[in-house]
Amino acid sequence: MSALPPDDRPRPKSLTDLFVSFTLLALQGFGGVLAVVQRELVENKRWLTRDEFIEDWSVAQIMPGPNVINLALIVGGRYFGLKGAVVGLAGMIVVPLVLVVVLALIYSQFSEHQGVAGALRGMGAVAAGLIMATGIKLIAALETNVIGWRWCTALGLACLVGIIVFRLPLAYILFGLGGVAFTLAYKRLKP
Amino acid sequence: MKETLSLTLGIADWIQFFLHYVSLSLLQIGGAIATIPDMHRFLVDQNLWLTDAQFNASVAIAQAAPGPNVLFIALMGWNVGMNAGGVLLGLLGIVLAMTGMLIPSSVLTYNATQWGHRNSNLRSVRAFKQGLAPIVVALLIATGWILASASGKSLDHWPLWLLAGVTTVICWRTRLHILWLLGAGALIGWFGWI
């Protein structure tokens with residue numbers, strides 16, 4: 001994996017393209033932006049391969065900061081350096097920020113309405129399904145993983161149980177299971 | 001948000017507000033959501049700058065609205081400012097909260113990533129990427145699960161689970177646009193079927 005992908009790959013044409021693309025992504029992301037990001041950047045625009053997406057997403061998760069914001073920084077930075085990182089972050093935040101303040105003002109009028117509460121519940125359930133589907137789709141990218149499918153399955157299941165059943169803090173998972181996984185991968189990769 | 005507060009905040013208070021977010025910035029591993037308990041302690045319990053209702057509404061609206069969930073931080077800043085006197089202070093609250101929360105973590109993430117890109121052939125960098133991949137994929141599935149169970153795990157909520165499950169399959173197997181799915185979810189909820 002090199003810092004810059006080969007030239008024949010699709011990539012953002014300019015900082016404006018980057019800003020507009022991230023703004024549109026953010027505005028489609030009800031209940032979280034992640035599912036949209038994967039579909040748009042990997043499946044539609046093809047700025048990132050599935051493997052690159054997983055790599056960037058692992059970094060975005062493990063670093064402090066909101067993970068979608070980190071992802072925007074990382075993807076922007078991949079193509080345009082510091083400027084790209086700032087523009088990617090701004091694209092993710094500026095327009096949605098204006099919108100959310102307007103919504104907060106409107107909400108104070110309608111918070112009691114049955115239909116509004118129901119619609120929010122419905123969209124929440126759909127958003128949950130979208131994120132699960134994103135994870136399921138990315139399983140295929142693990143086929144070539146150096147630690148092998150047995151370990152991938154074991155670590156993945158341990159992670160699911162840790163989060164869903166025991167509700168462990170994310171830091172335990174990332175540093176605990178992540179540490180085991182890193183060691184395994186490190187041993188299997190030739191120097 | 002019926003209950004309202006009326007505050008007088010001096011420059012020292014705003015600086016304290018900003019620095020609190022700066023101090024939380026590097027602690028938000030796994031997302032800003034992880035810092036919610038501490039923010040509640042600071043804003044609601046300790047300083048009485050926000051009511052409980054304002055605090056909860058800030059989180060709920062940012063979750064429901066399009067855009068990154070971290071915008072709940074902006075809404076908290078906005079509400080503190082509004083409590084302190086109006087729109088201009090609300091905007092000040094947004095700027096202080098968002099810059100305090102995002103600048104330290106972003107600087108760190110950007111530099112770490114650039115270092116990683118420059119050293120992408122290092123064995124440790126490759127091991128990090130390969131090793132974390134299965135965990136990251138599982139985390140996505142777990143996140144979806146946690147969100148689906150947010151409104152209740154009991155059997156009474158089976159229609160919500162069904163909706164989440166059907167959405168998972170459709171999004172996985174088809175290329176139907178995500179907005180259609182969200183729109184359908186909103187309609188089903190609006191008519192009270194879930």
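The structure is a predicted model, in which local features need pLDDT of at least 70 and side-chain atom pairs count only at pLDDT 80 or more, whereas totals for chains, interfaces and linings use all residues. Residues are numbered from 1 along each chain as its sequence is written, and chains are lettered from A and ligands numbered from 1 in the order in which they are written.

B:L5 is placed in the segment before helix 1 of chain B; helices here are DSSP runs of H or I with at least four residues, strands are runs of E with at least two, and both are numbered from the N terminus. In sequence, B:L5 and B:T51 are separated by 46 residues, yet their C-alpha atoms are 7.4 Å apart in space. Leaving aside residues up to four places away in sequence, B:L5 touches B:T51 and B:N83, where a contact requires C-beta atoms, placed from the backbone, within 7 Å of each other.

After helix 2 of chain B comes B:L48, with a positive phi near 55°.

Helix 2 and helix 3 of chain B pack at an angle of about 145°, and their axes are 10 Å apart; axes are lines fitted to C-alpha atoms, for helices over the stretch in contact, and angles run from 0 to 180 degrees between N-to-C directions. Their crossing is right-handed, a term for a near helix turned clockwise from the far one by less than a right angle, with left-handed for anticlockwise. Helix 2 of chain B contributes B:I36, B:H40, B:L43 and B:V44 to this contact, and helix 3 of chain B contributes B:D52, B:F55 and B:V59. By class, the contact holds five nonpolar residues, one polar and one charged; Ala, Val, Leu, Ile, Met, Phe, Trp, Tyr, Cys and Pro count as nonpolar, Asp, Glu, Lys and Arg as charged, and the others, Gly among them, as polar.

A further helix pair in chain B joins helix 4 (residues 71–84) and helix 5 (residues 87–118), whose axes come within 7 Å and cross at roughly 145°. The crossing of helix 4 and helix 5 of chain B is right-handed. The contact of helix 4 of chain B with helix 5 of chain B has 15 nonpolar, four polar and no charged residues.

At the level of domains, chain B is divided into domain 1 (11–114) and domain 2 (121–190), with bounds that come from an automatic or database domain assignment. The C-alpha centres of these two domains of chain B lie 26 Å apart.

Chain A has seven helices and zero strands. Its C-alpha atoms fill a box of roughly 60 × 45 × 25 Å, taken along the principal axes. Of the 191 residues in chain A, 52% are buried. Among its contacts between residues at least 6 apart in sequence, 55% join residues at least 24 apart.

Two arginines in the loops of chain A have positive phi. A:R46, in the loop between helix 2 and helix 3 of chain A, has phi near 60° and counts as partly exposed because of its 13 C-beta neighbours inside 10 Å. A:R167, in the loop between helix 6 and helix 7 of chain A, has a phi of about 50° and counts as exposed because it has 8 C-beta neighbours inside 10 Å.

The contact between the chains takes 91 residues from chain A and 84 residues from chain B. Helix 5 of chain A gives the most to the side of chain A that touches chain B, supplying 23 residues. That side of chain A divides into 64 nonpolar, 23 polar and four charged residues.

Terms used
Buried ≥ 20, exposed ≤ 12 C-beta atoms within 10 Å, placed from the backbone. Contact = placed C-beta atoms within 7 Å.
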